[in-house]
Amino acid sequence: MTGEGRMRRLFVNADDFALTDGVTEGIVAALESGIVGGTTAMVCAAGAVERLTGMAGRLPGRIGLHLQLTGGIPCLPAGEVPSLVGPDGRFPRKKIAVGSVDPDEVRREWRAQLARLRACGIEPSHLDSHHHIHKRPEVYPVYLELARELGLPARALSTAMRQDMDAVGVPHAGACITDWFAEDLSAERLLALVDAAFAGLPDGAVVEVMAHPGRCDAALEAISTYAAGRESELRVLTDPLVRRELATRGITVAGPGDLRAHP
């Protein structure tokens, strides 16, 4: 297969930046020596502020915000966002445990998360959300509002989302691959998913891949059921063969800024 004469761009985003030391170190390795073009940071995880402050200035224009309503402790006091937290004052660990949330509380909490990222010395380059929580119908308008206000590219997970974003001028990829995850984390499957995503898109298109590379550490194993798989993702995403295979298809590695140029 050859991509001669075509221009296609692949934006691989590493979710969960700053979740643990090992995850952060693995993502940095994938950004510096692999095909990962950007990452999105969690600011509500234990130790995240220290990790992010240490990264300020190291990855300019490549760190976005991974908006949270699951996992960790909200930025605002629990009493100010009662619909978002359990009796322990924490976000639910799993998306399925999230109850009926107040959109105004979501709005204020997400603005507080943005402020915390900025306080770490990082201006976000793009937006997405942990566990795709922005898919919830009462949450999605807040997500769209924030992306539009900030003028940032955002992760779109459906045709309807892409149409909504087009209508309000929010940049996004032409397609987003979310199922290179958990099982069959091979280079062959990743490349097959990329080929399929580009098949229906025009020249100049950008395809996004949601990825979770990282190094497995004890802190990760204590809070996440997805641990060893992150090591497998890291191996594939830093394999020089994968970059070469993309090049034969006429696909270049993209960053968050390339989402603004999507046709």
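Trainee: In which loop does His132 lie?
Mentor: Start with the naming: helices (H or I, at least four residues) and strands (E, at least two) are DSSP runs, numbered from the N terminus. On that scheme, His132 sits in the loop between strand E4 (127-129) and H4.

Trainee: And what kind of model are we looking at?
Mentor: Residues are numbered from 1 along each chain as its sequence is written, and side-chain values use heavy atoms, leaving out hydrogens and water. Local features need pLDDT of at least 70, side-chain atom pairs count only at pLDDT 80 or more, and totals for chains, interfaces and linings use all residues, as this is a predicted model.

Trainee: Back to that loop, then. Is His132 buried or exposed?
Mentor: The scale goes like this: buried is under 20% relative accessible area, exposed is over 50%, and partly exposed is in between (1.4 Å probe, protein chains only). His132 has a relative accessible area of 15%, so the class is buried.

Trainee: What phi does His132 have?
Mentor: His132 is not a glycine, yet its phi is positive. The value is about 50 degrees.

Trainee: On to the helices. At what angle do H3 and H4 pack?
Mentor: Two packed helices are described by the angle between their axes and the distance between the axes. Axes here are lines fitted to C-alpha atoms, for helices over the stretch in contact, and angles run from 0 to 180 degrees between N-to-C directions. For helix H3 (residues 103-119) and helix H4 (residues 140-150), the axes are 10 Å apart and the angle is about 40 degrees.

Trainee: How many charged residues does the contact of H3 with H4 have?
Mentor: Contact means heavy atoms within 4.5 Å. Pro103, Val106, Arg107, Trp110, Arg111, Leu114 and Arg118 in H3 meet Val142, Tyr143, Glu145, Leu146, Glu149 and Leu150 in H4. Counting Ala, Val, Leu, Ile, Met, Phe, Trp, Tyr, Cys and Pro as nonpolar, Asp, Glu, Lys and Arg as charged, and the others, Gly among them, as polar, the contact has eight nonpolar residues and no polar ones, and the charged count is five.

Trainee: What about H4 against H5: how far apart are their axes?
Mentor: H4 passes H5 in a right-handed crossing. The contact brings Tyr140, Tyr143, Leu144 and Arg148 of H4 together with Met161, Asp164, Met165 and Val168 of H5, and by class that is six nonpolar, no polar and two charged residues. H4 and helix H5 (residues 159-168) pack at about 40 degrees, with an axis distance of 11 Å.

Trainee: Which two residues form the aromatic pair?
Mentor: The structure holds one such pair (ring centres within 6.5 Å, taking the six-membered ring for Trp; planes under 30 degrees apart are stacked, over 60 edge-to-face, the rest tilted). The rings are tilted, 4.3 Å centre to centre with 35 degrees between the planes, and they belong to Phe181 and Tyr226.

Trainee: How far apart in sequence are the parts that this pair ties together?
Mentor: Phe181 is partly exposed at 34% relative accessible area, whereas Tyr226 is buried at 10%. Phe181 lies in the loop between strand E5 (175-177) and helix H6 (187-199) and Tyr226 in the loop between helix H7 (218-223) and helix H8 (228-237), so the separation is 45 residues.

Notes
Left-handed = near helix turned anticlockwise from the far one by under 90°.
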